[in-house]
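Hello,

Here is the structure I promised to pass on to you. Have a look at it first, and then read on for my notes.

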Amino acid sequence: MLADRLGKAWEACRASTTIDRNMRFADEGLVLGAGTILARSRGSARDIAIDANGHRLTALLAAAHLRNPSFSDLAHLRKAAEVWSQGDDALAAMHLALSRLNQLREPEADAHRLFLADGLLKSGVPADEIVFAIERGPAAFQRLHKYSADQPRVPAGSGRPSGQWTSGSAGGAAPSSTSSPPGTLNTGVIMPIIGDDACNLARTDCVQHAMIDDYGKAAANDNFDPQVTAVRRMADCAKTNVLCSMVSFGVEVLPNAVRGAAIFPDGGVVVMEKGKEDMYIPRGGRIPPQTILRPR
Amino acid sequence: MDDLQFPPWRPDSTETVVSDQPAFHGCDEVIDTFAAKANATATDRVYTRSKQWGDVVRARVVDNNPNASPTLITCWSGSGDGLQFVIQAEGYQ
């Protein structure tokens with residue numbers, strides 16, 4: 001499994017590599033953290049090309065710094081590489097500093113995320129998925145210090161930011177197995193979302209839930225590695241999104257098919273019926289088999 | 001949109017495993033089309049019949065992506081005129 005491999009690779013890397021909190025030019029390219037190569041050198045050590053529009057570089061830097069680098073930041077990196085190739089080390093160092101991307105604030109944690117992002121990219125995970133997860137992850141991670149894993153959370157589709165831990169009974173807006181008839185999803189409480197973007201919305205929530213749930217487990221269990229399961233779940237969220245679109249297509253074009261549904265790993269469901277708009281029902285707890293979907 | 005109920009991934013006690021697969025041609029076609037569009041292969045098909053679900057075909061849809069789980073697809077005839085199907089990633093049932 002990819003996550004297992006990355007976990008072991010990180011352990012091996014840490015055993016043999018010192019984390020460098022400062023970005024630097026090396027023979028192999030532009031390097032940061034635990035030897036992660038942001039941009040690889042080509043013919044010679046001085047020949048490094050920075051693609052300021054490159055998704056890979058953006059994903060790596062977003063993972064390292066927990067923010068999307070601006071175009072201006074990336075332009076300084078590109079300029080740094082340019083003057084580095086001309087032998088002007090001092091000016092290169094200045095542009096690295098001006099990029100505001102050259103230093104890790106929390107070297108161990110930042111280098112770890114950077115390492116994982118690099119591994120995910122090499123394994124074929126789209127750069128956009130990594131950026132998306134990073135955008136959603138830090139806030140969820142920080143909330144661990146304040147809330148316990150089993151506190152109620154705001155359900156998706158409730159009109160408030162979904163998936164967040166909350167207090168009291170606010171999270172109870174989602175139907176529970178004790179308040180609803182068995183196997184019934186009360187969509188009168190969880191407002192279904194109707195439209196062409198249903199599958200994408202479901203994926204958005206699914207990825208967010210993967211981060212929140214698995215880091216929540218980590219808070220409650222020191223032996224639980226959230227990276228292992230969250231990565232897998234995010235991949236399954238993304239795959240289900242792709243297949244969800246295929247179901248939608250299939251329902252429309254297959255003459256015998258009248259209705260289809262895609263159940264996302266977090267329990268969100270997209271229902272598709274021939275000739276009608278797709279409907280996304282956010283999760284309100286896990287949906288058991290034989291659930292009755294009761295659209296509005 | 002009417003209520004949608006779907007069979008559990010694992011056949012329950014009300015379902016009878018059957019072998020007269022020609023009767024399930026419609027669901028086979030749905031699964032084959034879905035798998036082809038996903039560049040994947042449908043395996044481990046199970047054919048059952050019950051009063052509640054009608055003819056049911058379950059299959060695992062496996063592709064070459066080692067980073068994500070296989071997909072489970074369940075197609076059933078129900079009592080209406082058309083077929084219905086649901087997909088979900090394996091491991092989250």
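**What I found**

R100(A) sits in the loop that links helix 4 (89-98) to helix 5 (107-122) of chain A. Please keep in mind from the start that this is a predicted model. The phi angle of R100(A) is near 60 degrees, which is a positive value in a residue other than glycine. R100(A) counts as exposed because its relative accessible area is 53%, and the cut-off for exposed is over 50%.

D44(B) is not a glycine, yet its phi is positive, at about 55 degrees. You will find D44(B) in strand 2 (residues 41-50) of chain B.

**Chain A as a whole**

Eight helices and nine strands make up the secondary structure elements of chain A. Of the 296 residues in chain A, 53% are buried. If you take the contacts in chain A with a separation of 6 or more, 53% of them are between residues 24 or more positions apart.

**A hairpin in chain A**

Strand 2 (residues 29-33) and strand 3 (residues 36-40) of chain A are worth a look on your screen. The two strands pair in the antiparallel sense, over four bridges, and G29(A) stands opposite R40(A) in strand 3 of chain A. Together they form a hairpin with two residues between the strands. In the turn, G35(A) has a positive phi of about 75 degrees.

Is strand 3 of chain A largely enclosed by the rest of the structure, or largely open? It is largely enclosed, because four of the five residues of strand 3 of chain A are buried.

D51(A) has a relative accessibility of 47%, so it counts as partly exposed. D51(A) and L77(A) are 26 residues apart in sequence, while their C-alpha atoms are 9.1 Å apart in space.

**Two buried residues in helices of chain A**

One of them is D205(A), which lies in helix 7 (residues 198-220) of chain A. Its relative accessible area is 10%, so D205(A) is buried. Which residue does the side chain of D205(A) join in a polar contact? The partner is Y280(A), and the contact between the two side chains is 2.6 Å.

The other is S248(A), in helix 8 (residues 226-253) of chain A. S248(A) has a relative accessible area of 15% and is therefore buried. Leaving aside residues up to four places away in sequence, S248(A) touches M272(A) and D278(A). The C-alpha atoms of S248(A) and E273(A) are separated by 7.9 Å, and these two residues are 25 apart along the chain.

**Where the two chains meet**

The size of an interface is often given as the accessible area lost when the parts come together. Here chain B and chain A bury about 3400 Å² between them, and 59% of that area is on carbon and sulfur atoms. In terms of residues, 33 from chain B are in contact with 38 from chain A.

How many salt bridges does the rule find across the interface of chain B and chain A? There is one. The side chains of K239(A) and D63(B) meet in a salt bridge, at 3.1 Å from N to O. Between chain B and chain A, 14 residue pairs are in polar contact, with both residues at pLDDT 80 or more.

On the side of chain B that touches chain A, the elements that give two or more residues are helix 1 (25-37) and strand 5 (83-89) of chain B. Strand 5 of chain B gives the largest share, seven residues. Sorted by class, this side of chain B has 17 nonpolar, ten polar and six charged residues.

Six bridges join it to strand 6 (residues 257-263) of chain A, and the two strands run parallel. Within this pairing, A261(A) stands opposite V86(B) in strand 5 of chain B.

Best wishes

Conventions. Residues numbered from 1 in each chain as written. Chains lettered and ligands numbered in written order. Predicted model: local features only at pLDDT ≥ 70, side-chain atom pairs only at ≥ 80, totals over all residues. Heavy atoms only, no water. Contact = heavy atoms within 4.5 Å. Buried area = accessible area lost by both parts, 1.4 Å probe. Salt bridge = Lys/Arg side-chain N within 4 Å of Asp/Glu carboxyl O. Polar contact = N/O pair within 3.5 Å; in protein donor to acceptor, adjacent residues only side chain to side chain. Nonpolar A, V, L, I, M, F, W, Y, C, P; charged D, E, K, R; others polar. Pairing = 2+ DSSP bridges. Buried < 20%, exposed > 50% of the residue type's maximum accessible area, 1.4 Å probe, protein only.
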